[in-house]
Amino acid sequence: MASGRLIKLVVFELLELAAFSIPTLVTVEQFAVAYQKTRIVGEKTHYWLIVSCSIAYVASVSLLIWVPIKVLLYKKPHLFRKIKGWRPVMMMCVVLTTLPSFSFSIAMTEVQKDVEGFDTLLHDPLPDLPVSLVLTSLIVVDIIEKLRTYPLRGKQKSNEDMYTHTTTLQQIKTVTDQRRENEGNPAISQPANRTGASLPPGAMTQSPAPELAGPQEPFFQLGILRMMSRQDVRSELFLWSFLLWSDTVEMVRVAGHPNVYKSGWLYPVYIFSFISLLRIILTPQNPLLNSLGILLQDLPFIFVRLSLIIALGTITPVLGLCKNVLVTLSYVYFNYLTRYRVFSTFEV
């Protein structure tokens, strides 16, 4: 009987292989359909030629690049430990799957412009399936790579247990340290009391300004509220993985708007969206991830979204533009400007 670790490995590898292969096949098939409409009706030679080329590409890339690298990393774990800061699997997905899919999506819109009667269909948005499938597959591979270090069965230690354990340790440490100090200097408490007694009443009330504390978080021990407050890092991986790339997803979906794909704005939208996806190659705890998020996503998206709004109107959400501006300004201010003396004075 196969062990749980082996089943987990096989399932993960099959899911990653499917996410690596299917987006390219679907996108190229959509391109073949669009290209077939420009040819003689009833003749499907070009359609099957394009589809067969896509199958040959996926098969060759999978057998010559994907599978050998996967086997090498599995058989030689010491090589995998030497790789720091980036993930080979995500690089293969971005370069060998996402890049060709985006290229064929652009080519599909260009081919459709040559279709007779296409001008009458400019008010219809482009199909969302290819783009959504490409981004979903990339996010799924990212989630699988993060889940490899977690068990899929059993209870993960919740935040409540961590909070209780940490609080108990801090209390024990504080009492122990105070007892050691009193034992080492038995006269500390008595002079302190005498000093406090000899001070005038006004001096006793003077103390440093207290630090501003945030609102206290609730803690539930019983009932349905305790069940609803359960948190597991494994489920949060799915949530934050999709939220992290929601801005890029929204930008790519803008390319399906008729005013965008019938104009030259299609190219900057796809180019900068692909550039923003390059961050997924880095490991989740890479120190460069925040700065590259500003340089590769938020800062370019400010100019793209602002240009789209000025040229074509509010076809892209203004909320997205506000998000990019605020994130960029807050990053620059708190990480760089606060280091200068004029911005580093203490609050009174």
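Me: What are the ground rules here?
Reply: The model is predicted, so local features need pLDDT of at least 70, side-chain atom pairs count only at pLDDT 80 or more, and totals for chains, interfaces and linings use all residues. Residues are numbered from 1 along each chain as its sequence is written, and side-chain values use heavy atoms, with hydrogens and water left out.

Me: How many helices and strands are in the chain?
Reply: The chain has 15 helices and 0 strands. Helices (H or I, at least four residues) and strands (E, at least two) are DSSP runs, numbered from the N terminus.

Me: And what share of the chain is buried?
Reply: Buried residues are 31% of the 348 in the chain. Buried means under 20% relative accessible area, exposed over 50%, partly exposed in between (1.4 Å probe, protein chains only).

Me: What share of the contacts is between residues 24 or more positions apart?
Reply: 77%, among contacts in the chain with a separation of 6 or more. Contact means heavy atoms within 4.5 Å.

Me: Which residues touch the most other members of the largest nonpolar core?
Reply: Phe-102, Leu-138, Val-269 and Tyr-270, out of 41 residues in that core. A nonpolar core is a set of buried Ala, Val, Leu, Ile, Met, Phe, Trp, Tyr and Cys residues joined through side-chain atoms within 4.5 Å.

Me: Which elements give two or more residues to this core?
Reply: They are α1 (4-36), α2 (45-75), α4 (88-112), α5 (129-147), α11 (246-254), α12 (258-261), α13 (266-277) and α14 (289-312). The largest share, 9 residues, comes from α5.

Me: What does Leu-138 touch?
Reply: Not counting residues up to four places away in sequence, Leu-138 touches Met-90, Cys-93, Val-94, Thr-98, Leu-277 and Ile-280. There is also a second, separate core of 9 residues, including Phe-31, Tyr-47, Val-51 and Val-111.

Me: Switching to packing. At what angle do α1 and α4 pack?
Reply: About 10°, with axes 9 Å apart. That makes α1 roughly parallel to α4. Axes are lines fitted to C-alpha atoms, for helices over the stretch in contact, and angles run from 0 to 180 degrees between N-to-C directions. Angles under 35 degrees count as roughly parallel, over 145 as roughly antiparallel, 65 to 115 as roughly perpendicular and the rest as oblique.

Me: Which hand is the crossing of α1 and α4, left or right?
Reply: Left-handed. A crossing is left-handed if the near helix is turned anticlockwise from the far one by less than a right angle, and right-handed if clockwise.

Me: Which residues meet there?
Reply: Among them are Phe-20, Thr-27 and Phe-31 in α1, and Cys-93, Ser-105 and Val-111 in α4. The contact of α1 with α4 has 15 nonpolar, 7 polar and 1 charged. Ala, Val, Leu, Ile, Met, Phe, Trp, Tyr, Cys and Pro count as nonpolar, Asp, Glu, Lys and Arg as charged, and the others, Gly among them, as polar.

Me: Is Ser-105 buried or exposed?
Reply: Buried, at a relative accessible area of 4%. Ser-105 sits in helix α4. Leaving out residues up to four places away in sequence, Ser-105 touches Thr-27 and Tyr-270. The C-alpha atoms of Ser-105 and Gln-30 are 8.4 Å apart, though 75 residues separate them along the chain.

Me: How far apart are the axes of α1 and α5?
Reply: 9 Å, at an angle of about 160°. So α1 is roughly antiparallel to α5. This crossing is left-handed. The contact of α1 with α5 has 13 nonpolar, 3 polar and 3 charged residues.

Me: What about α11 and α14, at what angle do they cross?
Reply: Roughly 30°, with axes coming within 12 Å. That makes α11 roughly parallel to α14. Asp-247 and Met-251 of α11 are among the contact residues, as are Asp-298 and Phe-301 of α14. By class, the contact of α11 with α14 has 5 nonpolar, 2 polar and 4 charged.

Me: Asp-298, buried or exposed?
Reply: Buried, at 5% relative accessibility. Setting aside neighbours within four places in sequence, Asp-298 contacts Asp-247, Gly-293, Lys-323, Asn-324, Val-327 and Thr-328.

Me: Last one. Where does Trp-245 lie?
Reply: In the loop between α10 (233-244) and α11. Trp-245 is buried, at 3% relative accessibility. Beyond four places in sequence, its contacts include Ile-139, Asp-142 and Arg-279.
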